[in-house]
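These notes are for a colleague opening the entry for the first time.

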Amino acid sequence: MNPFEYRRAKDPQAAIDAAGPAAHAKFLAGGTNLVDLMKNGVEQPQRLVDINRLELAAIEPLPNGGLRLGALARNSDTANHPAVRQHYPLLSRAILSGASPQLRNLATNGGNLLQRTRCSYFMDTHFPECNKRIPGSGCGALQGFNRNHAILGASNQCIATHPSDMCVALAALEAVIRVRGAKGERNIPIAEFHRLPGSTPQIETSLQPEELILSIDLPPSPYAQHSHYLKVRDRASYEFALVSVAAALDIQSGTVRSARLALGGVAHKPWRVERAEKELAGKKPSATAFMQAAKTMVADAKPHQNNAFKITMAEHAIVEALSLAAGVA
Amino acid sequence: MSIIGAPLTRVDGRLKVTGAAKYTAEFQIPDLAYGVMVESTIPSGRILSIDTEKAEHAPGVIAVLTSRNAPKLPGAEKRISLLQDDQIYYNGQPIAVVVAENLHQAQHAATLIHARYQAAPAKLDFEAGFPTSYPGSHNGEPGDAGWGDTAAGLAQAEVKVEETYTTPIQHHNPMEPHATIAQWEGDSLTVHDATQAVTSRQEYIAKMFGIPPTNIRVIALFVGGGFGCKGQTWSHVVLTAMAARQANRPVKLVMERPQMFGSVGARPRTHQRLSLGATREGKLTAIRHEVHAHTSVIEDYLESSAFATRVMYDCPNVATVHRLVQMNLGTPTFMRAPGVATGTYALEVAMDELAYKLKMDPLQLRLLNYTEVDPGTKNPFTEKNLRECYKQASERFGWAKRTPDVGSMRDGSQLIGWGIATETYPARGLPASASVSFQPDGRVLVASGTQEIGNGIYTIITQVAAETLGVAPDLVDVKIGDTTLPKAPISAGSMSTVSVMPAVQAAAMQAREKLIALAVADSQSPVYGVGADQVDVQDGKILLKSSPAKTESFATLIGRHGSQPVEGNASLKPTLDQKKFAAHSFGAVFAEVAVDPNIGVVRVRRIVAVFDVGKIMNQKTAQSQFIGGIVWGISLALFEDSHSDARLGRFTNANLAEYLVPVNADIPEIDVTALDIPDMKLDPLGARGIGEIGITGTGAAVANAIYHATGKRVRDLPITPDKLL
């Protein structure tokens, strides 16, 4: 770990000021990802701005009937909050399928949004190639061991995946990220928050360097009755997804009025294909309809040497998640 | 009173759960400095230059050792990396050691060291190395052996299975990483080391530095798991001693988890070609088991996968062949049930395939080919009750209710499968010594230089001494893990019980005889003048058998004799004549799995196993050993796999998030039973080692259950969901 300066911020503005552009600073919340990355030399901030004392941990209703999740609310508290469990069970399930109880007790909602990839070529600084760590050095995974890598939305500069479960549910729920920076507050739809790698994989979000996440705002959801988060992995717990599916259906009188589908473990960001969701609208829940949506979801998939299985796995997982959400499994 | 065998709770359990048991890295020594190893990042070539200047000037740095300034060691050899030259043989090879005032300073300075390399072509394609592979041996046993004519046996076979089974590289990953503390005083060295073998550590370090072994003391009071990777002396142990001498300070070096995937061994990758021939009735006519396993370019280690094939079944024609394939990876090593864990997977899956081809129950096939004698030599087994294992395990499991067709058992949308396999592991011992003494304070002290690696040896030593001496277990103190104690062998190969317990028993008997002799010759003793055979020791008291009221405590007796301990010593060698008998443990393991056919996820639902492993020393610790082995067998079947980058020979999952071992949610109810039939031909206690047999066969039982559930025969471990889609 490199030597660094530690500062504790007393309010959001002080935090933003302390993380000014020249400071090479990182905000420290739960630290479950950042501190690990500092230990293995991937992150080398010169300053840590501890934001744990900021009053951003509340979970409270919004006037529009939605719910505001404070950036510093812990993942455990969020997943187990009565309003989340009642109105957004998809989110609760997604969070609880990630990490371990100990990690969730410490990890925050804002930090979860900013989790960095588990790609080995990124995590181990002794691999020479990684365009995220060293822009222009190449992508070690492209010709390397890439079983856990992206099949959608990747580029020849980076095939890493986003590791979060929470974000997959947030994508399906169309959450909005409320941030504050030097120029004031702004709202970023979750779909625009994470970026695809393109030619600049080192830029992972649309967040500006000194911007601070204040909250995750959930719009009112018609999907509480029929949703399911399915995570496929090699072992039963404490592992990142091979493929995960957030499936949400609004079913009225036996017909799907609207659907939301998001995939994890397959791309640099939670993966949505609106066409697949539209295909489900107006249909009766059925294995045929679900498989058609599944095919559409992965239609653009491009596998690499070790991960072609993810296409079939994603299709099957989508059908299974939709079936469980619809209650027809 | 029978203390041996009783389910005595671990005597060191409280120390362990309260943190009072001191593991190597926990020793605090005045003036201690901290060492961190820097490792190569290429698999083959040489170091052109190493820039250490920034590291040398970093805060707190005391010394930086590289091949430029490291002292030349008289005993240095190629198998470990002691900074003697600039050659690189694998990615993760130690190339420097940084010593600093504290750990964080040493870790930071280590990141400031940059090596420039001249890369050479690396051998990283396993199968490409087959044409240049060569024979080897394992623990002195030749890799190639057999009997009869397998070509003829296969030619006459009416039914054949000819398949290839592959197993990946695995890393041991004990909870406690490797750790060493080295402290010099003049030419004398004290080493605290996380080791399975204090004595061989002492001898090897002495050889490296060219000093007498008696100048070196090695201590390992508790070891947080070894599983084989703490058997050999690897680079870091000697480097720590070298760094301590260079820095003129005691130095502690604790490996980080990613470093556990480099210079400290692994289970080799195997490629196993199995050919089974049988008559239509299911009688084996031939077994050919040909193994390719990787080793490094600096040392041969042979994974003896086909050794178990030499003892399992009655078959007139058997050939077992092993070939070593060099790769630019760290040298592999012994890992729990070396050879047997990987070999029984292949053999026992092949037997299942044969059973399906014959349309025969796989248990019936095994009974049909049961062997009452060692099939190669025709020597009798010291003791073998495998039939009883099959019987009890199949009854406990409910095997009779199995429907044999694949996919024929279901639970909702889940496919259910049942599979079986045979387990086995050789039984053997090595020379060992122990001392046992009655102490003036009324307690008993047992000493032997064996090691506690989680195996429960503190506890069973206590039991053997307590029973032999007629004292309560809580009056017994045990000292182990120190080269100042009577020599005992490496804690490995399921050998500790067979080796150490007879020595403890013999030393205790001698101490008891001496105590009684002292008593009957003492005019103040209540047993004065009687024959030694008239005297007994019970509950810490000496008493006259015919008149138990004539008694006194041994402490009182010793008190009258200058308060000198009454000590017995024993140094024993195994007595079994291996030319006349074969000694092996056996067992039967049954598995139930549920498979989600859509997404390929497997859950093991039940394991039932019954073992024939001789006399059980402690029902509770034995249970734990069996369960631990079985959990690892499940892990072998479903999870563990060290992935490496094919160009750099560097492992891509060198951490415990991505190197998968089972979590609690992966492990079902495990029902284990031991027959508890003593093997009196093997050793005076009738016990065999039990540390490894649980992992054998289990992988095959799970794989066979998956086939029964799905009809998919995965012959490449681990069986991950993608292979079942």
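1. The contact between the chains draws on 24 residues of chain A and 24 residues of chain B. The model is a predicted one. On the side of chain A that touches chain B, helix α13 (residues 309–326) of chain A gives the most, with six residues. Sorted by class, that side of chain A has 11 nonpolar, eight polar and five charged residues.

2. Turn next to the nonpolar core. In soluble globular proteins, nonpolar side chains tend to be buried together. Here the largest nonpolar core has 337 residues. The residues with the most contacts inside this core are A246(A), I318(A), V98(B) and V504(B). Helix α11 (residues 496–520) of chain B supplies the largest share of the core, 12 residues.

3. Which residues does A246(A) touch, leaving aside those up to four places away in sequence? The partners are L90(A), A94(A), V168(A), A169(A), A171(A), A172(A), Y229(A) and A262(A).

4. Chain B contains 14 helices and 29 strands. Its radius of gyration is 27 Å, close to the 27 Å given by the globule rule for 725 residues, so chain B is as compact as a globular protein of that length. Along the principal axes, the C-alpha atoms of chain B fill a box of roughly 80 × 75 × 50 Å.

5. As for burial, 58% of the 725 residues of chain B count as buried. Among contacts in chain B with a separation of 6 or more, 81% are between residues 24 or more positions apart.

Note on methods:
Residues numbered from 1 in each chain as written. Chains lettered and ligands numbered in written order. Predicted model: local features only at pLDDT ≥ 70, side-chain atom pairs only at ≥ 80, totals over all residues. Contact = placed C-beta atoms within 7 Å. Helix = DSSP H or I, 4+ residues; strand = E, 2+ residues; numbered from the N terminus. Nonpolar A, V, L, I, M, F, W, Y, C, P; charged D, E, K, R; others polar. Core = buried A, V, L, I, M, F, W, Y, C linked by C-beta atoms within 7 Å. Buried ≥ 20, exposed ≤ 12 C-beta atoms within 10 Å, placed from the backbone. Rg over C-alpha atoms; globule rule 2.2 N^0.38 Å.
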